[in-house]
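Hello,

Here is the structure I promised to pass on to you. Please have a look at it first, and then read on for what I found in it.

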Amino acid sequence: MDVSFWNREIETLPEKELKKLQLERLKRVVEVVYNKVPHYRKKFEEAGVKPSDIKTLEDIVKLPFTTKEDLFVDYPYGLLAVPKEEVIRLHTSSGTTGKPKAIFFTKKDIDFGAELIARCLVMSGTTKGDVLQNSMTYGLFTGAFIMHYGAEKVGVMVIPAGPGNTERQIELMKTFGTTCFHMTPSYALYVASVILEKGIDPRKDLKIKRAYLGAEPYSEETRKKIEDMLGIDVYNCYGLSEMGGPGVGFECVYKNGLHIWEDAFLAEIINPQTGEPVKEGEIGELILTSLNREAMPLIRYRTRDLTYFINEPCPCGRIHRRISRILGRSDDMFIVRGVNIFPQQIEAVLMSIKGVAQNYQIVLENYDEMIVKVEIDRDFFDGRVERLLKLREEIIEKLRKTILVRPKVELLEPGTLPVSEGKAKRVIDKRTL
Amino acid sequence: MHKVEIISIFVENKPGKLEKITKILADSQINILGFSITSVKDFGVIKIFVDKTQEAYQLFKEKGFAVAITPAIGIEIVDKPGGLHEVVKFISSKGVNIENALVYVPESRKKAFFIFEVDNFEESLGALKNNGYNLLTKDYIK
């Protein structure tokens with residue numbers, strides 16, 4: 001496997017030095033927000049902590065979390081750590097309700113965001129001479145712009161296609177020899193299906209080698225599907241406007257988890273219920289501290305994104321720790337018999353079993369009884385009861401292995417559960433205490 | 001042809017499920033000739049033997065049911081004490097395992113058939129044929 005680097009020195013910095021760099025930057029950023037951002041000073045005082053209390057990286061747990069709500073205190077400029085004249089860009093991140101989060105960038109913030117993207121692109125084999133079709137929204141959303149700048153930094157030719165107009169997307173790919181594209185996974189799946197419907201052979205008629213897909217969670221199965229349809233490599237990418245946009249973590253050529261750039265972000269994973277760190281390798285909510293942002297550094301920001309650390313060293317030689325693909329939102333977590341469970345864990349198990357249809361529902365009843373309702377696949381049914389009983393046993397056993405709780409499983413007729421549309425209600429909690 | 005076909009429908013064990021199925025058949029003038037239910041607590045499989053198999057199968061499929069057609073063998077039973085016993089004894093003597101069964105009575109008190117599904121249809125049919133027992137064919141299905 002070809003391993004290339006944009007910034008070999010920082011990407012392969014030995015762990016000890018990387019940690020030293022992180023500590024220096026953490027101390028600096030804590031000092032800055034304490035002195036420049038009244039809201040942070042107030043939060044620190046309430047928590048009884050001063051910048052001088054941060055002596056090691058572990059001391060970060062003394063600092064309070066920053067939540068989405070904090071971004072609306074003294075809105076919109078309240079969290080600026082630089083004079084407003086230093087700000088050269090506004091991006092917003094849409095909340096599901098009310099006002100959008102306002103995120104500001106200095107010139108250096110934009111440049112550094114581009115630097116991170118340059119690392120991400122080169123890490124997965126993109127280089128000068130490649131043609132990147134950037135099909136994310138250019139606008140208030142950070143995704144498209146920062147990707148654009150990062151790609152230009154590498155020397156890639158960028159097609160600022162923006163999203164939508166699938167016919168034109170495909171025309172651009174054909175005419176200009178697109179070698180990589182940046183899209184949301186759901187749109188990529190759609191574009192891929194249209195390409196095939198049109199009778200275009202992507203392996204012969206197109207030059208696409210790889211795709212960067214992110215901005216919404218998707219499964220390993222979806223990745224494989226898109227890869228097979230188009231004959232390309234799909235790389236997971238992760239970012240959020242609050243942390244400066246895309247490029248927080250991308251996959252390397254080994255496609256096994258996303259390297260978080262630890263010189264730029266201090267990552268923790270916590271139990272969203274208790275705020276305590278999870279045990280090694282356990283799923284939890286990703287917490288990020290921006291170590292290098294100027295305009296609006298955030299301390300221990302609760303991303304609400306679920307993931308886990310992959311601690312083994314990566315064969316690519318990068319020291320920066322990896323996280324798994326984003327598994328969902330921390331708000332989805334529930335607890336049964338003292339065990340933290342995420343619907344995404346259950347979904348992954350169900351989707352790996354033949355005979356199970358797409359829809360499922362989790363019902364929690366008193367005495368911590370967990371019932372997983374599953375629709376059977378029409379084509380699986382052959383009239384035999386024992387085959388159904390075996391299927392149910394298989395589901396129970398595989399779920400028990402993954403979530404450590406033995407659920408009841410009910411097999412349902414196809415089409416009886418509400419169809420999932422994005423945020424379908426998967427968990428129904430009927431427990432009363 | 002000694003193959004007869006049974007329709008199997010997967011159902012959740014809830015009130016009104018059977019009614020839904022019988023209504024679909026009644027509305028389409030499909031006659032139920034034989035019937036059985038296997039239930040395991042929360043779900044079950046309803047097996048029906050009808051006069052218009054393909055038509056019934058398409059109907060249930062269109063309505064979104066999990067439905068399958070399974071092959072079965074029918075053997076005539078004599079209407080007298082021990083009639084069923086004799087047939088079942090014969091089947092087991094041939095090493096054939098009965099998976100699921102129902103009874104079809106074309107002529108009340110005169111003619112009845114024991115219809116059953118087996119593990120390996122062709123092999124089982126071969127073992128049972130030409131032994132002096134009357135096997136069910138399409139001619140008896142009206």
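This is a predicted model: local features need pLDDT of at least 70, side-chain atom pairs count only at pLDDT 80 or more; totals for chains, interfaces and linings use all residues.

Let me start in chain A, with strand β6 (residues 210–214). Its neighbour β5(A), residues 180–183, pairs with β6(A) in the parallel sense, over four bridges. Within that pairing, Phe181(A) stands opposite Ala211(A) of β6(A). β6(A) is also joined to strand β7(A), residues 233–240, by five bridges, and these two strands run parallel as well. Here Arg210(A) is the residue that stands opposite Asp233(A) in β7(A). Helix α9(A), residues 220–230, belongs to this part of the chain too: β6(A), α9(A) and β7(A) make a right-handed β-α-β unit.

How are the side chains of β6(A) arranged? Arg210(A), Tyr212(A) and Gly214(A) point one way, while Ala211(A) and Leu213(A) point the other way.

Ser93(A) lies in strand β1(A), residues 87–93. Is Ser93(A) buried or exposed? Its relative accessible area is 14%, and because buried means under 20%, Ser93(A) counts as buried. Ser93(A) touches Pro100(A), Lys101(A), Ser241(A) and Glu242(A), leaving aside residues up to four places away in sequence. The C-alpha atoms of Ser93(A) and Leu240(A) are separated by 8.3 Å, although the two residues are 147 residues apart along the chain.

The other one is Glu268(A), found in strand β10(A), residues 265–270. Glu268(A) is buried too, with a relative accessible area of 11%. Which side chain does the side chain of Glu268(A) meet in a polar contact? The partner is the side chain of Arg300(A), at 2.7 Å. Residues that Glu268(A) touches, not counting those up to four places away in sequence, include Ile60(A), Val61(A), Leu286(A) and Phe309(A).

Now to chain B. An open sheet of six strands is found there, in the order β2-β3-β1-β4-β6-β5, with antiparallel pairing. The edge strands are β2(B), residues 32–40, and β5(B), residues 98–107, each of which pairs on one side only. On average, neighbouring strands of this sheet are turned by 30° against each other, with direction ignored. β5(B) pairs with β6(B), residues 111–118, in the antiparallel sense over seven bridges. In that pair, Phe113(B) of β6(B) is the bridge partner of Tyr104(B). Helix α4(B), residues 121–128, packs on the sheet and touches β4(B) and β6(B), its direction making about 10° with that of β4(B). Helix α2(B), residues 53–62, lies across β1(B), β3(B) and β4(B), and runs at about 150° to β4(B).

Finally, how do the two chains meet? In all, 17 residues of chain A are in contact with 19 residues of chain B. The area buried between them is about 1,500 Å², with carbon and sulfur atoms giving 60% of it. On the chain A side, Phe381(A), Val385(A) and Glu413(A) lose the most area to chain B, together 39% of what that side buries.

Conventions: Residues are numbered from 1 along each chain as its sequence is written. Chains are lettered from A and ligands numbered from 1 in the order in which they are written. Side-chain values use heavy atoms; hydrogens and water are left out. Buried means under 20% relative accessible area, exposed over 50%, partly exposed in between (1.4 Å probe, protein chains only). A polar contact is a pair of N or O atoms within 3.5 Å; within protein, one must be able to donate a hydrogen and the other to accept it, and residues adjacent in sequence count only if both atoms are side-chain atoms. Contact means heavy atoms within 4.5 Å. Two strands pair if DSSP finds at least two bridges between them. A crossover is right-handed if, with the strands pointing away from the viewer, the path from the first strand over the helix to the second runs clockwise. Axes are lines fitted to C-alpha atoms, for helices over the stretch in contact, and angles run from 0 to 180 degrees between N-to-C directions. Buried area is the accessible area (1.4 Å probe) that two parts lose on being put together, summed over both.
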